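Dear colleague,

I am passing on the structure that follows, together with notes on what was found in it. Please read the notes with the coordinates open beside you.

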Amino acid sequence: MYSSSDLKKGLKIMIDGEPHVIEGFDFTKPGKGQALYKCKLRNMITGSLFDRTYRSGENFEPAPLEERDMQYLYKDEAGYVFMDAKTFEQVILPEQTLGNDYYFLTDNMEVKVLMFGDQGIGITLPNFVNLTVTHADPWVKGDTAAGNNKPATIESGYNLQVPSFVEEGTLIQIDTRTGEYVTRVKE
Amino acid sequence: MANGPDATRAVRRDNLYARARIIQQIRAFFITHTYLEVETPHRIPCNAPEEYIEPVPSVDAFLHTSPELCMKRLLAAGYPKLFQLCRCWRSAERGTRHLPEFTLLEWYASHSDYSDLMYTCEELLCHLVPTGTLAWQGSTISIQPPFERIPLAQAFTRYAPMPLDDAIAADCFEETYTEHVEPRLGIAAPVFIYDYPAKMAALARTKADAPHLAERFELYIGGMELANAFTELTDAYEQRQRFNTALETIQPPNPHHLMPEAFLAELEQMPPSAGIALGIDRLVMLLTDTAEIDAVVAFTPEEL
């Protein structure tokens with residue numbers, strides 16, 4: 001059990017039976033008055049964001065969440081299907097739950113699925129993934145200046161900036177935490 | 001990388017230089033105005049019992065939450081004008097404008113009241129902002145006396161969705177104040193909010209013509225509370241009653257709150273006086289256009 005003074009950014013707590021993460025936090029106290037704990041909360045199931053202010057002495061249940069190693073199988077109408085390689089248990093995450101993460105998913109990729117009971121509510125991708133550039137403007141001869149970037153599209157449809165020497169068909173490494181280009185990958 | 005660690009370090013470096021200059025200017029101001037600079041013990045047997053201020057224990061005593069009790073004992077001992085710049089400690093106060101260890105400027109003057117303190121605030125701010133304008137979070141604040149003076153009840157009428165009395169009755173004073181009133185105070189120019197319900201000012205004198213109100217004010221600039229002041233209560237009997245009420249109200253009973261007997265014993269000798277506490281960290285934030293208190297101190301508690 002947490003109390004008001006434990007509240008901080010990143011803490012995951014239960015509100016009305018659903019897990020919430022504190023995305024913004026501030027402590028405030030009008031002169032001589034009661035302390036207030038101002039939270040910006042995100043419902044980890046619906047994704048909705050809202051503000052709520054608590055006073056001292058309130059109690060909060062930690063959100064019972066578990067991360068499980070799973071493998072990405074395929075996508076169907078219901079969503080993205082992942083499987084626990086040990087138990088063969090499958091979970092389906094709807095598209096909106098994945099947000100932008102789906103851009104970086106490739107078949108059989110090992111990810112961590114965040115579970116709330118038997119419900120998958122999010123994934124953690126590997127920090128780096130390799131994906132192929134499907135569209136980029138051709139390299140202009142003589143343009144060798146460092147820091148000259150151009151737009152490119154990868155196989156999943158994700159757009160990003162790449163150095164001028166990267167061309168269509170190049171395998172590149174992307175940092176999934178920032179969505180940015182890291183390096184060219186030699187196959 | 002606008003917000004990388006190097007940029008953060010550079011901002012803090014500039015702010016620490018500014019902080020030193022500001023403290024030197026404050027000292028010069030009070031010395032010029034014939035205030036005596038004093039140092040009182042930071043570790044004391046007990047603080048004034050206040051419902052929402054939790055002292056930090058230190059072996060068999062407590063760190064002071066404010067130097068006010070010792071400052072007033074010096075007034076009682078006959079020192080007419082005093083100031084102190086010191087560290088204070090309040091347990092579990094940590095936010096973008098709060099540190100559990102912070103720096104207060106307090107000054108006291110005998111034979112004066114809270115309206116005199118408002119003038120001194122105006123003079124001090126003008127001394128610190130000689131250009132008369134202050135850049136604050138993308139807007140400009142005019143620092144020109146006189147600052148606007150608004151009774152607390154009127155500030156509620158002006159900015160809050162309900163009157164002050166209703167907010168108190170509905171037990172949502174703090175929420176209403178911080179949500180609707182405070183962010184709108186002192187935006188174009190500083191403002192004094194004055195005359196608080198007597199219950200919100202346990203060490204202040206009540207108004208002769210309106211005993212439900214206390215002679216207390218707060219100074220706001222840029223939506224930020226900078227200072228809290230009052231005409232001091234000098235009636236030891238009434239002060240003891242108010243402390244008793246506070247001790248009874250604090251639930252669950254807290255062994256960190258005790259009756260400050262030495263202070264009460266000398267209070268009768270204290271001449272009519274007024275005193276104020278001004279947060280130095282927040283003042284530095286304001287004068288350096290810095291939104292987070294972390295960037296105006298050498299170390300935050302988390303960095304230790």
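This is a predicted model: local features need pLDDT of at least 70, side-chain atom pairs count only at pLDDT 80 or more; totals for chains, interfaces and linings use all residues.

Residues are numbered from 1 along each chain as its sequence is written, and chains are lettered from A and ligands numbered from 1 in the order in which they are written.

Chain B has nine helices and 14 strands, where helices (H or I, at least four residues) and strands (E, at least two) are DSSP runs numbered from the N terminus. Its radius of gyration is 19 Å, close to the 19 Å that the globule rule gives for 304 residues, so chain B is as compact as a globular protein of that length; the radius is taken over C-alpha atoms, and the rule is 2.2 Å times the number of residues to the power 0.38. Along the principal axes, the C-alpha atoms of chain B fill a box of roughly 60 × 45 × 40 Å. Of the 304 residues of chain B, 41% count as buried, a residue being buried if 20 or more other C-beta atoms lie within 10 Å of its own, exposed if 12 or fewer, and partly exposed in between, with C-beta atoms placed from the backbone.

Within chain B, helix α2 (residues 68–76) has B:E68, B:L69, B:C70, B:M71, B:K72 and B:L75 buried. The buried residues of α2(B) pack against β5 (81–89), β6 (101–110), α8 (261–267) and β14 (273–279) of chain B, and the helix is followed by B:G78, whose phi is positive, near 105°.

Between the chains, 18 residues of chain B are in contact with 13 residues of chain A, two residues being in contact if their C-beta atoms, placed from the backbone, lie within 7 Å. On the side of chain B that touches chain A, α6 (173–181) and β13 (224–231) of chain B each supply at least two residues, and the largest share, five residues, comes from α6(B).

For chain A, the domain assignment (bounds come from an automatic or database domain assignment) gives domain 1 (2–60), domain 2 (65–124) and domain 3 (128–184). The centres of domain 1 and domain 3 of chain A, taken over C-alpha atoms, are separated by 40 Å.

One open sheet of chain A has four strands in the order β2-β3-β4-β5 with antiparallel pairing, where two strands pair if DSSP finds at least two bridges between them. Its edge strands are β2 (12–15) and β5 of chain A, each of which pairs on one side only. Four bridges join β2(A) to β3 (residues 18–28) of chain A in the antiparallel sense, and A:I15 has A:E18 in β3(A) as its bridge partner. A:R52 is found in strand β5 (residues 49–55) of chain A and is exposed, with 12 other C-beta atoms within 10 Å. Leaving aside neighbours within four places in sequence, A:R52 is in contact with A:C39 and A:L41.

Another open sheet of chain A has five strands in the order β9-β8-β7-β10-β11, again with antiparallel pairing. Here β9 (90–93) and β11 (119–124) of chain A stand at the edges, each with a single partner strand, so one side of each is left without a neighbour in the sheet. Strand β10 (residues 110–116) of chain A runs antiparallel to β11(A) and is joined to it by five bridges, and A:K112 stands opposite A:T124 in β11(A).

With best regards
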